[in-house]
Each structure stands twice: as C-alpha cells, then as structure tokens.
Amino acid sequence: MAASLSVVGCTQTGKQDALKLKKLPGEQKPMNIVFILSDDHRYNFMGFLDVVPWLETPNMDRMAREGAYMHNAFVTTSLSSPSRASILTGMYSHTHQVVDNSAPLPAGLTFFPEYLQAAGYRTAFFGKWHMGNDSGDPQPGFDHWEGFRGQGEYYNPRLNTNGEWIQYQDSTYVTDLITEHALNFIKEQQQADKPFMVYLSHKGVHDNFSAAKRHAGSYADKEIVLPPSFHTPTYGIKQLPTIDPKTGKAAAHEEYYGDQMMPDWVKNQRESWHGVDYAYHGRPWDVQVRRYCETLRSVDESIGAVLDYLKEQGLDQNTMVIYMGDNGFAWGEHGLIDKRQFYEESVRVPMLVYCPAVFKGGLTVEKMVQNVDIAPTLLACAGLDKPAQMVGYSFLPLLRGEDVEWRDKIFYEYYWEHEFPQTPTMHGVRTDDYKYIRYHGIWDTNEFYDLKNDPNEMTNQIGNPAFQEIIKGLDGELYDWLEATGGMYIPLKRTVRPHGDHRNIGYY
C-alpha cells in the first residue's frame, strides 16, 4: 500500500512521519543500490546495438549480456534538470515544477534517498547535481556528498565534499575521480555492514566534450553515418517529372507533399546552434560526434570498475546496479542536435540493469519504462512501498518476468525556455504504434507518426484522413493526463538573464 501522507507541502514533522514507509511483504534482506547516471547519452549509442560500428562500450555490453537491457526507456521531459528531478522524486515536471535548467527547487520536495536513509541505508552522491539550487552544496538525502557546481569541469574539477570545497590538480579527470571515490565509500560501508545507496552522476557526455587523455583522438578518423532523416524537413509543393501519355515526352507537374511537412520551428532550429548547419556556433558537428563517443568511453569504464569491484567483494549478488542517461540526444536526425524535442533520439535513453539476485542475465525488457519509475524501483529494492506522490512504478516485476499490468503509453512535456527559444512548448503521447505531438504558443503544424511503419519519423501523418480518429483519441488522452495530474497550466518562472540574442551566444 502507498503511504497515506503526501510529502509535498507538508510540515517538517509531517515529512518525517511520511518518510516511514511501510515494508513490502515477503522481501528479503534490503539490497544495496548503485545508480549510475550519465548526461546526454542517447539510447542507441552502445556497442552491442551496432548503430555506430566503431563505438566501444564493453562494460555496457556486459551489463546487457549479464543483466537486462530496457529497450524502451524514456524520460518525461528531455532536459537535464527536469529529468533529474523526476528521477529523484518520481514525479512529472509539471508536478515537481523543476521545468528547466534554472528553475529553483520548490519547498516540500522529497528525494528517494531520504526514504532510504529513514530505512537505515547509508547514502552518498558523487558528481553532477545540475538541478534547482545548483550551488554544489550538499542536498537532502545524502550522508556523504561530493558534488560540483553547475556543469563542472572534465579536468581538474572543484568538488564540494560534505560542505568543504576541494580543488583537484595534476590533470585529474572527473569521471575517474568520482568513480574512485564512490568505490571508496562502498568499501567503508562493507566495514560498517550497512546497506548502502550510491548515486554516481557523471558529467560525461555533456558538451564541451573532453575525453580522458587515454581516449582523446581515438575516433578522429572514423566515418560518421548520417541518420535517415538528416536531410529533412520536406516542404510544400514539389515539381515532379512525368510522361505525357499523348506525346510520350517528359512534362512537369506539381504535387503537394503536405503529409511529409515538418514544423517550421524544426527548419529554423536546423540553422541555429542546435542544428547541423550551425552546430554549437559553427563547430563541425561530425567532429563533435566523434569527441562525444570518445568521452563516452570513460563513462563505460566507470561502469566496469563498479561491476568488477562488486564481484570481487561478493557484493554483486545483492546489489542492484542501474545505468541510465538523463535524456537522449539528437545527432543529425531532422537536421538537429541537442535534446528537448519529443523525437525518439531525444526522449529515449539508455537503461541497463544488473542484479543476479533478482533475475537471470541476457534479458531484454520491451515494456515502456520511464525516469519516474527509478525512485519506486529503488525503494522496492529496499523492501519499501512507494509514497503516494510518486507517479511511477517499480519495474522489479518486469525483471522477474511476472505478468503484471503495465502502462501502454507514455506522456511527454517540455516548456519553452527564454534562453533557448528555438524549441517550443510541447506535450505528447506515445504508444508502441503511434506518436502524437501537440505544440503550444506557436502557429505551426502538430505531428503524428506511425512508428511501426515509420520508426525514423520521416512522414508526418497529421493530415492523413486515415489516422484522424486515432489522433483525436490520443489528443483526448493527452488532455485527460494533464487534467488528472495538475498539468493544465504553463509553469512560468522568473527570467534571471533576459537577452535578445536568439543564437544564445555565450549561454550553454
């Protein structure tokens, strides 16, 4: 049963009471937990998927082989801070109200590590917080804290360690550093014989991509394969050659390609710093893809270091390890880079799970899971039911192969940002077969895709008469979701740095 008292908006005394969640029946000894989060890692840039033939991720491959690959993992908002808040709270963006990368944390939010602390866990955070009041200072729910401010640095980082700032030197690489410190924390918990939860949050693979020295330049000569939608959007009236049946000679006629139209904002963004034609203010986007993949290699090595240590110490049998990205990333699809959109490469994330005590390895889970499911799942690992405010579900039953009711659709939201105005406010819904995207505040076309027959989202079917009933039904379900979850408003926030430069020069 869910806890009867919602944490949001309650008093401090009420909050402490709410942290005392009920134990789930029949659970064994609480599992240790290692949650590994990367930044901007798209869902299919992993070696075992063979999308990038030369990309090496042996430890992600190992997790998929010895654990579970969550094939359909999504975020509810494809942006760092909102997604991270959803991971920690189990709530939608419009509910926790961390709607962009600068919105402050509202009072009354409770993070899942706080429940683990109340259940006797020792908890620790290492790395990138990047959410709300992002000062680098320790945040609620963690007994041990090592975090950096904002985006931090790849080399020679400055870390806040339990309230004290420490500056690292001598070409210290941040991925290696926080991985080593996370393993040291696990060693300390072994001696104390207490269950632990480690939240290892990497800077990689966020721009400005900077690989470890041992990997820098390793992919410099590799060929980039363009995605199928690289040269879209397709617009309007096209002139096509035809044969005149009377004369047998070629003639021209006009044909309307409206069902292939992409929104105007996509074309405009293609020509901005979030598009391939002016990527990151003119940096060659293909060079950035190679550097991105080189930077990913150290994140993969971090996963391997964790798995190796757990196995060496005999902790692997009773430790839940989850790896995921905080959002996806476009590398040329629809001519775009970055995230924020509701296209597949943006909203889908890599997610791998390892825990021999729960399931046998080599599992692929096809059900749709989301970032809001992380908190309920990790609480279930501790034998705890989820609190009432969490909208996600534990996916432990899916890993165990149990026949349980599960969602048949996911919902999406993104809210326009003053400093990144290329992408409009949007809401959307996705099933296994279809995707519907509805834009707000702009005069532009909405989008609908037949995912089974068009997985690359090349043909917008929003005007196709054959799909109108389905589109109408999905539109209704989208509004039903917003109404039922308190999302029928635009969460405005104060603009701290107003400016008129829509190319966003100087703003990352």
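In this predicted model, strands β3 (residues 122–128) and β7 (residues 196–201) run parallel and are joined by six bridges. One of the pairings links Thr123 to Met197, its bridge partner in β7. As background, the strands of a sheet pair through backbone hydrogen bonds, and the pairing is either parallel or antiparallel.

β3 and β7 belong to an open sheet of 10 strands with mixed pairing. Read across the sheet, the order is β6-β5-β4-β3-β7-β1-β10-β13-β2-β14. At the edges stand β6 (164–167) and β14 (363–370); each has a single partner strand, so one side of each has no neighbour in the sheet. From one strand to the next, the twist averages 15°. Helix α8 packs on this sheet and touches β1, β7, β10 (319–325) and β13 (351–354). The direction of α8 makes about 175° with that of β10. Another helix, α10 (residues 374–381), also packs on the sheet, where it touches β1, β10, β13 and β14. For α10, the angle with the direction of β10 is about 170°.

Strand β1 contains Phe35. Is Phe35 buried or exposed? Its relative accessibility is 0%, and because buried means under 20%, Phe35 counts as buried. Its contacts, leaving aside neighbours within four places in sequence, are Ile87, Val198, Tyr199, Leu200, Ile322, Met324, Ile374 and Leu378. One of these contacts, Val198, is 163 residues away from Phe35 along the chain, yet the two C-alpha atoms are separated by 6.1 Å.

The next element to look at is helix α8. It has 28 residues, and the distance from its first C-alpha to its last is 41 Å, close to the 40 Å expected at 1.5 Å a residue. Of those 28 residues, 20 are buried, so α8 is largely enclosed by the rest of the structure. Just after α8 comes Gly314, which takes a positive phi of about 70°.

α8 also packs against a helix. Two packed helices are described by the angle between their axes and the distance between the axes. For α2 (residues 58–66) and α8 (residues 285–312), the angle is about 50° and the axes are 7 Å apart. The angle therefore makes α2 oblique to α8. On the α2 side, the contact involves Pro58, Asn59, Met60, Arg62 and Met63. They meet Leu296, Val299, Asp300, Glu301, Ile303, Gly304, Leu307, Asp308 and Lys311 in α8. Sorted by type, the residues of this contact are seven nonpolar, two polar and five charged.

Which residues of α2 are buried? They are Asn59, Met60, Asp61, Arg62, Met63 and Ala64. Among the elements that cover these buried residues are β2 (68–74), α8, β10, β13 and β14.

Between β1 (32–38) and α2 runs a loop, and Arg42 lies in it. With a relative accessibility of 3%, Arg42 counts as buried. Not counting residues up to four places away in sequence, Arg42 touches Tyr292, Gly328, Phe329, Ala330, Trp331, Glu333, Glu345 and Pro350.

Most residues other than glycine have a negative phi, and most peptide bonds are trans. Gln97, in the loop between α4 (93–96) and α5 (112–118), has a phi near 70°, a positive value in a residue other than glycine. Arg340, in the loop between β12 (337–338) and α9 (344–347), is also not a glycine, and its phi is positive, near 80°. As for accessibility, Gln97 counts as partly exposed at 39%, whereas Arg340, at 3%, counts as buried.

Where are the cis peptide bonds to be found? One joins Gly204 and Val205, with omega about 10°, and Val205 has its place in the loop between β7 and β8 (237–243). Another cis peptide bond joins Asp207 and Asn208, with omega about 0°. Asn208 is likewise in the loop between β7 and β8.

Technical notes:
Residues numbered from 1 in each chain as written. Predicted model: local features only at pLDDT ≥ 70, side-chain atom pairs only at ≥ 80, totals over all residues. Heavy atoms only, no water. Axes fitted to C-alpha atoms, helices over the stretch in contact; angles between N-to-C directions. Helix = DSSP H or I, 4+ residues; strand = E, 2+ residues; numbered from the N terminus. Parallel < 35°, antiparallel > 145°, perpendicular 65-115°, else oblique. Contact = heavy atoms within 4.5 Å. Nonpolar A, V, L, I, M, F, W, Y, C, P; charged D, E, K, R; others polar. Buried < 20%, exposed > 50% of the residue type's maximum accessible area, 1.4 Å probe, protein only. Pairing = 2+ DSSP bridges. Expected span 1.5 Å × (residues − 1).
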